[in-house]
Every structure is written in structure tokens, then in C-alpha cells.
Amino acid sequence: MKTLRAAFNRLLRGPAACRLLGRMGIDARRYWLLMQLFGRLAGRREMMSHLGHNATALRTNAWVLCAMTALMTVLLLFTKPGVASYFAVFIGVTGFLMMGILFSEAGNSLVNPVEGLVLAHQPIDGATYTAAKLTHLARILLYLVPALNGIPALGGLLLGAPWYYPLLHLGAAFALGGVIALSCCAVFGWLIRFVPARRLKAAGQVAEVVPWTAFMLFQNGRGLFRHVHMPHWIPTETAPLVAIGIAAAAVSAFAVAMGLRCLSGDYLVRISAIAGGSSGAQTRPRRSRTGELVARHFGGQASRAGFEFISRMMRRDWQFRRQLIPMIPGVFGVLYLSARGWRTSPFSGTFTAVHLVPHLFGVLLFFICPLLVYGSDYKGTWLFLLAPARAFGPFARGIHAWLWLRIVVTPHLVLLAATVWLWGIRDAALFTAYSLAIASLYLGVELRLIDGVPFSKPPEPSRQSLLLPLMILGGLLMAVAVAVQHLLLFRSHTSVLAAAVLLGAAAYFATRSSLDYFATAIRFNLGLMSAEAKVLYTEVG
Amino acid sequence: MNTGESAPIVEFDRVVFSYSFTEVLHQVSFTLGKGEVVGLLGPNGAGKSTTIKIMAGILAPGGGTITVAGFPLPARAIDVKQRIGYVPETAVLFDSLTGQEFLELSGRLHDVPEDTLQARIRAMLETFNLLSDRSSRLDSYSKGMRQKILIAAALLHNPELILLDEPLSGLDVNAAIMIKDLIASLAAGGKTILYSSHVLDVVEKVCDRVLIIHQGKLIADGSAASLKASTNESTLEDVFRSLTGSASVDPGVARIVAAMQS
């Protein structure tokens, strides 16, 4: 295996490959120097936020996706579909997942050029630098495309496909992945050419949401397109259809080629501006009234520090926003779906999507809490090493206060105002109280997922995959809770009131216990950080 | 040291640069001659680092023309980058690399032959007393050690033009004295040096000529002696204060002390 790998490496660095790179405007020598640098940085955990450089995260993701498609294959084989439909399903799944992953990765690489600050004054041309920087997208393809399509490709043989079907299936999946990767790079090429550097990070985040939003619209867009009569616009004869197809393909190919050209031409020139680019928006210096209240009731200035810190960083930290923004279409999608049942009171005896609302807060907090420890400005954590240990308890309370007031209480006030007209004051108030108690309990429990000082660690793409089993278990528990709630609780107002009081008490005790745990986690992680300095003096190589 | 009468190695002609919608350099023009050591002075935010970054090919100007070593910027940025050594104001490094690895990366990117590179790295590390730390990661280095690595990386490929943005930041006294001597030796060897600093007495000692930038405009260009004569001031610090309008900082100091005690 080692010999094979060495031979492959020699081939890649050989004169033929160098000539090929040269033809694409890439300086082969510097390209390999950069590849060696990025590999070394990844090996020393300095580029962990990039999925393609994080072998552990790649392997975890590959296994999870492999298990998912294996299950899909088994289920599909039972239904005995035609080979063409079977192929289309898996190619569709590959396209959708790879678009999300590669778009996010291209954005993460291109609008977060930390290494650009070190390399900007080195004699490297834009094409070479961009090619080296984006090679990790190919690594993602090499891991994830076989993981997604390996078992389905073999499964096709059980449907009576010819012997070469697995090769065709995998080849098509790789080709699709390659086209998506190039298209993602091209989109950012266009953005980098036309969007001012100070707006680029925000534009990249918005662009990352586009595939998910498009999917949601596609899923729920029948109503939107009801009055559009597409058949009137499409010619019925074959010849114009072929011409339109060719023209569309040519325009797309031209747009991708120009986007890639923009990227290689402009990227290194604008890298300093991108790296240093901020929104440029002036922030009004103002004191938060809620911050003052938090300081008064939750433990003084340290708790206010926690409240203000989390409030500002959640809005401004690029890595946090980048990971949270793709969830927004999902949240709106769920709200849209649950809106259909809002006219019916949850006490009517009919099951509606409204019964899910209290638990949706649990899902939302499950995504937010583990993400809170990761941020772009994690090197600023030294500040907390200087804080007295007694400050961390109130600091944790301040963080909890923000999450509770902004993510739990405020939406419930809106919910109450919206439902009081639809269900009457008694049903609305009781449901809101019940939902508030459950959401507070979820927050109390999920606070334990914040493993240290918020925004104090570089992002780890494997983290989300590792949380997957917990997510599945949580989903099952929620399903049981929803069933119990519908079948037992929402039969009488008294039982809901009693449950709300009990859940409220449980939330109180869970929160107290989790806050102690959270403050200890902060101290523990800061202790690790200061101990790390000793480890870092270890000689390398 | 040179008086700058030879063919200029850097020509800045009416250069304009803006961040967002704020113009930070307004029609700045000057030249640097071969072998000259030129000090670049100015208050915080005056545009010094921006000027240096434009000269290094890192930022593209919004207007005007720039030529470095005969190559126009930003069109021939790669050729310019081959010929310059740049010490940035903040020591941004790849923290997980060792000192030796970082210098190797920098030298190889500049096409320095391997034998020469290793010999130069060894000499630099020895001179800067970093040889015993060459295999330690850069995140374990002190601020001064990181600064020495940056200076070494800027000199490894024997550049024609050396851009120093606050090079003495974090250096101990011995290393600072060595860098000042090094600047003089490099200039004597024909290197052109642009030296940006807030330490005015060092600038006065090592530089042939001084450029003062204030609010994005070049407000003075000449030798320290000629600037003192033209402003009737006795020290470069007084010249600087008089030209930049920072005649007295005492009220500011008093305000800080009062705020601390309130």
C-alpha cells in the first residue's frame, strides 16, 4: 500500500503533472510547497475548521453517510424500483448533500483566509494559491462520494443492472461532485469580483443558505408556482428543446469558467482586504437595560459580562454565524409547516403541529449550545485566564440569562400574543406556560453541551457528526414526550397546569445543576489552556 | 549610506487608497533611491502600514502609479514580491510550524537553492540566538523571538528592497542594537530600506531621509537635519509634534489619570 501511495505521489509530482498544472497557469513547484504546508498545518491541528483537512471529521462523516445510504439501499431494494429510478435517487441525494457540504467548505476556505495574512507578500500567483487552497474540496469528494455511492452502486446489481453498473454509478457520482465543486468555487469567484471585501463574509454566509432555501422552496413551492403554466413556455418539438438545452449548458459552463478565472485572478490581490474585512458597520455605543437587570439579579458585573459577551459575539462571530445561518431556512420551514395547525387550539383533542412547538426549542438549543464554544476569535480567550475564578459562576448565569430571555422567553411572548386571539386567553396562556416550562427544561439540560468558555475553540467539523447518535436518541425521547403530551396531558387543562408547574420546578433544578457544571467546565478548559503552554514547548520532528 | 541620487528603486506617484469609503492615502508621491534608508513616520492611522502594504504588492491602490524595482504595481506584483523583504507590523505566523520550518517555507517560496537556504537559516538562527529553539513550535516563542523569525524570513532571499514595519517591536536591547547595525550594513551593501517606526530617535540615527505621513498626506520629505532646519526645531520629535499638530499630549494624560481615579 505504501509503495502504491509513493508511486502515486511520484506520478502527481512528475513532469507530466507539472506540465498539466503549468498549462492551467499553476506554478507546480509552489503548488506542492503550499500543499505540503497545508498538510503539515492540518497534521498539527491548525486547520481543523476545514473538513477536507480534518481526516477524523472526514472519516466520521464518511461512515455516517455510508450507514445512511446503506439503509436507504436496503429499503429501496425492497420496493424493487427500475434501475433508472434507483440511480436517480442516489445521484439526487449525492448532488444535494455535496452541494451543501462543498458550498460551505468553499465559503469557509475563501472568505476566511487566515493563512493569507502570512502568505500575501510571498511570490505566489493567484491561480497557484487558489488551486492549493481548494484542493481539499477534491479530498472531500474522494472520501464522501464513495461513502454515499459505494453500497448503492453494488446494490444496483441486485436489480438486474449489467456488471459495469457500479463503475457507471460511481463515475457519474464523481463527475457530478466535480461539477458541483467547480460551480461552488465559481460562485465565490463572482462574489469576490463584485462584492466589496467588507461585505464578502456576509455575502458568503447568505450564499451558503441558498442551496437549503432552494430545496425548501422546491419542497413547499407548489403553492407559489400554482399560477405559472410552465407547459405554455416550453416548446413541444424536440429540436428547439435540444437547442435550449445546449445553450443553457454553454451559458452555465461559461459562467463557471469566468467565475474560476475571477477567483484565480482576484483572490490573492484581495486577500488582505478579505482577511481584514469587517462589515464596516458602526455600532452605536449603548447600554443594554436588560444587561443592567441581569447585573442586578443574576450576580453582578460578571454576569452582565457573560450576558453582553454572548449577545455581541453570537451576532458578530463569523464562524458561529456561518454554522448557524444554514439552520435558519429549516427553522422558518418548520414554522411554516406548524402554522397550518395554529387555528386549532391544542386542547381541542386533535393533534396539530402546534404540539411540537415546545420541543422545537429543544431542537434549536441542541444545535446552538454545542456550537457556542467554537469561534473565529478563539485566540482572545487569554482574557478569561486573567479573570478571578469566582467570576465564572455569575458569568455562566449571565450566558444562561441571555439564552433564556432571548431564545426562550421572547418567542413565547410573541406566541402568547399571536395565539390569544385564536384560542382564547385561557388556552393560550396555559399552552404558553407549558411550552415555556418545557423549553426552559431543555435549556437547563442542554447548557451542559457548552464545553468551556464560549467562542474559545477553533471549529471542529467532526463535532456535529459525533453528536448524531445523541441527536437520534434525543429525537426518539422527544417523539415519546409528544405522544404522552397528546394522549395524556392535553385532555384537561388541570393536568397541563400541573405538568407546567412540575416541569418549571424541574427546569429550575436542572438549570442550577447545569450552571454549576458549566462554571466548572469553564474553569477546567481554561486550566487545560494554561497547561497547554507547557505541552507546546515540546520539540517537533 | 546613500543620498538617494541614484535611479529610484521605488516610485510612488499620486497614490490614492481607500478602505471602504474612507480615503486613507491622498495623492502620495515620493521616490526611494538604491541604498537609501528612509524612515516613515506618522501618528497611528496615518497610512504608514497601508503605504508599506501597497509597496509589498499586498494591497492594490485605488489610483496613481507605483513602480518597484522597475515593475509596475499591482500588475507585476509577483515580480515585486520576489525582490522585497517585508516585516509586517504584527507577527502573524503559522503557529504550529517550528522556527526552522517557517524559514524553510519562506526561502523555498522565494526559490532559494536548498544548500544556500540551509546555510542562511543556520547563520540567521545563530545570530539571533534562536538555534536551540529552532525545533520548537512558533506558538511557544516569545514576542521578540517571533519578531526575529519575521526579520530572518524577510532577509533570507537577499532582497533588493526591505520594508520594515515596526521591526524593533518586542526585541530586547541587544537584538535592537544588532538590527540597527544590520540596517546600516545592508544599506552600505546597496539595499534600500523603508523603516516605519514610532521610535523617533532610532529613525533619526539610522535613516538618511524621513517621510512624515499625516492623515493620509505626505507632509514632509527630507533629511532629519533639513526638517529640523526648516521647522526651527531641535529634535526630530519636536519636528514631528509641530508638523502633526500633536504639540501637547498632557491634557490627554491628565484625562486618563482622572478617569482611572473616578
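Student: Which residue stands opposite Phe12(B) in β4(B)?
Tutor: In this predicted model, the residue facing Phe12(B) is Ile66(B). Another such pair is Glu11(B) with Thr67(B), the latter again in β4(B).

Student: How many bridges join β1 to β4 in chain B, and how do the two strands run?
Tutor: There are 5 bridges between β1 (residues 8-19) and β4 (residues 63-68) of chain B, and the strands run antiparallel.

Student: And how many join β1(B) to β2(B)?
Tutor: That antiparallel pair is joined by 8 bridges. Within it, Ser18(B) stands opposite Glu23(B) of β2(B).

Student: Switching to chain A: at what angle do α5 and α7 pack?
Tutor: Helix α5 (residues 83-110) and helix α7 (residues 126-155) of chain A pack at about 160°, and their axes are 10 Å apart.

Student: Why does α5(A) count as roughly antiparallel to α7(A)?
Tutor: Because angles over 145 degrees count as roughly antiparallel, the angle of about 160° places α5(A) in that class relative to α7(A).

Student: Is the crossing left-handed or right-handed?
Tutor: The crossing of α5(A) and α7(A) is right-handed.

Student: Which residues make the contact?
Tutor: Among them are Phe90(A), Leu97(A) and Ile101(A) of α5(A), together with Leu137(A), Leu144(A) and Pro152(A) of α7(A). The contact residues comprise 14 nonpolar, 3 polar and 2 charged.

Notes:
Residues numbered from 1 in each chain as written. Chains lettered and ligands numbered in written order. Predicted model: local features only at pLDDT ≥ 70, side-chain atom pairs only at ≥ 80, totals over all residues. Pairing = 2+ DSSP bridges. Helix = DSSP H or I, 4+ residues; strand = E, 2+ residues; numbered from the N terminus. Axes fitted to C-alpha atoms, helices over the stretch in contact; angles between N-to-C directions. Parallel < 35°, antiparallel > 145°, perpendicular 65-115°, else oblique. Left-handed = near helix turned anticlockwise from the far one by under 90°. Contact = placed C-beta atoms within 7 Å. Nonpolar A, V, L, I, M, F, W, Y, C, P; charged D, E, K, R; others polar.
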